[in-house]
Amino acid sequence: MTTRTTVEARAKRRRRIRAKVGGSAARPRVSVFRSNKAIYAQLIDDAAGVTLATARSSEIDAAGLDKSGVAKKVGALLAERAKAARIESVVFDRSGYLYHGRVKALAEGAREGGLVF
């Protein structure tokens, strides 16, 4: 029996999630990427294969905020850009990350910004 590394385990979870979650023009997919220093989110129309909107932590003023606070602001920024593109309803793809901490904060920020999951 072999043991998986953290990266391999996340890749397996990501494949399993992506088999079930897909974005369309009417309801694009919110894809999240989390690194040690930053967090990124994008709205993707999988049917056409295009990215409709993006947001990343380097675009906001993070003075005095922890990583979860920054992620919440990124979610709000993504929601603002989605509204500008006339998108209100989305599906959330956590990309194999556990739904807590920064990933959860990003989702809550997007919901507060007006996106419907």
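Predicted model: local features only at pLDDT ≥ 70, side-chain atom pairs only at ≥ 80, totals over all residues.
A polar contact is a pair of N or O atoms within 3.5 Å; within protein, one must be able to donate a hydrogen and the other to accept it, and residues adjacent in sequence count only if both atoms are side-chain atoms. Residues are numbered from 1 along each chain as its sequence is written, and side-chain values use heavy atoms, leaving out hydrogens and water.

**Arg 29**
- Arg 29 lies in strand β1, residues 29–34 (strands are DSSP runs of E, at least two residues; helices are runs of H or I, at least four; both are numbered from the N terminus).
- Arg 29 counts as buried because its relative accessibility is 6% (buried means under 20% relative accessible area, exposed over 50%, partly exposed in between, with a 1.4 Å probe and protein chains only).
- A polar contact of 2.9 Å joins the Arg 29 side chain to that of Asp 46.
- Not counting residues up to four places away in sequence, Arg 29 touches residues including Arg 18, Gln 42 and Val 91 (contact means heavy atoms within 4.5 Å).

**The whole chain**
- The chain has three helices and four strands.
- Along the sequence, their pattern is α-β-β-β-α-β-α.
- Of the 117 residues, 36% count as buried.
- Among contacts with a separation of 6 or more, 58% come from residues 24 or more positions apart.
- The C-alpha atoms fill a box of roughly 50 × 40 × 20 Å, taken along the principal axes.
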